[in-house]
Amino acid sequence: MIHPTNWTLEQSKATLGALRSIATLHGTAQMSPEEAQLLEGVRINILHHPEITDAEQNVHIKPDELTAIITDDEHKERAAQLIALMPYATRPFADNKTYISEKFIEALGENMHRMEDFIGARQKHSQNMEYCALRKLGPDIWRNLDEESQHKEIAKLLKDAEGDPEEEARYKSLEGYAAGTLGRAFWDFYAQFDWPLPGSKQWISEDMTVRHDLIHVLCSYDISINGEFCVSAFSSGNSEKFNWMIAMLGFTPPYVSTGQGLQPADFTTAYMRGVNASHSFVDSWDFWPVMEHPVGDLRKEYEI
């Protein structure tokens, strides 16, 4: 499941306290608006304790205090994953916040090698979602990316991108696919927004983005905030690893973590749609062999 449904009030307070300690460097720094949004989203949407006030979210909670309150394996694992997300709520990523989060994770007894894989996956999906948000602003965004802005990592990826003419030509060829095929639907999805195709110098990575966009196409999810929430939810149910992390990204920047634009019924339906699909599309799906197949046939085959 996305999260345990039985967080106690004390467990919730302790988890929020750990998250706040990371965001504020144990009370010595100001929390960013994005971090405040993440805390609010976790409090309401994940822990289901909206009655907890800011004053009750202990700023100075320490790792041993957290582990004294959270003692069962399931909540330890979920708390550790929330804690692993916290340093990445804002750009640029902060090493001192990562250090604090690692101390909490170690205290909870979580395997750091597994958490490193988790954090790496978090960065990949986070960059994907940030790119999705930026490209919606239109072609002019690529000429105005400030390398020292909150989007500095994406700006650097774009600046360093050399492009791949052969890859771009392969995606351009999708225009010639028959109407109704997955490949032509992918082409149409990009063409309607005048987005650069994979392989262009304005593209970050085929591996990072194409599967995400194919879920938009296969599941008929639009690019509204709710549509992106649905892709996130479907991916979380459909992924064979780190599904909790992917679901949590729906509540972190660049989207509104408090739930603005989120339709809970759509989110849970999309999650179960991903769970019940007969195939995983998120982690390592080789999509090229089916690009010539009709979308309707694939939806039946994949049970989505």
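I am reading a predicted model, in which local features need pLDDT of at least 70, side-chain atom pairs count only at pLDDT 80 or more, and totals for chains, interfaces and linings use all residues. Residues are numbered from 1 along each chain as its sequence is written, and side-chain values use heavy atoms, with hydrogens and water left out.

I then noted that Glu-40 forms a salt bridge with Arg-43, with 2.7 Å between the closest N and O atoms; the term stands for a side-chain nitrogen of Lys or Arg within 4 Å of a carboxyl oxygen of Asp or Glu. Both residues belong to helix H2, and because they are 3 residues apart there, about one helical turn separates them; helices are DSSP runs of H or I with at least four residues, numbered from the N terminus. Arg-43, at 9% relative accessibility, counts as buried.

**Salt bridges elsewhere.** How many salt bridges does a search of the whole structure find? The search returns 6. One of these that I followed up joins Lys-97 to Glu-35, where the closest N and O atoms are 2.6 Å apart. This pair links distant parts of the chain, since Lys-97 sits in helix H5 (residues 95-107) and Glu-35 in helix H2 (residues 33-46), 62 residues apart.

Lys-103 and Glu-106 both lie in helix H5, 3 residues apart, or about one turn of the helix. Lys-103 is partly exposed, having a relative accessible area of 35%, and Glu-106 is likewise partly exposed, with 43%.

**His-212.** Is His-212 buried or exposed? I found His-212 to be buried, its relative accessible area being 12%, and I located this residue in helix H10, which covers residues 206-219. Setting aside neighbours within four places in sequence, I listed the contacts of His-212 as Asn-128, Cys-132, Glu-228 and Val-231, where contact means heavy atoms within 4.5 Å.

Note on methods. Helix = DSSP H or I, 4+ residues; strand = E, 2+ residues; numbered from the N terminus. Buried < 20%, exposed > 50% of the residue type's maximum accessible area, 1.4 Å probe, protein only.
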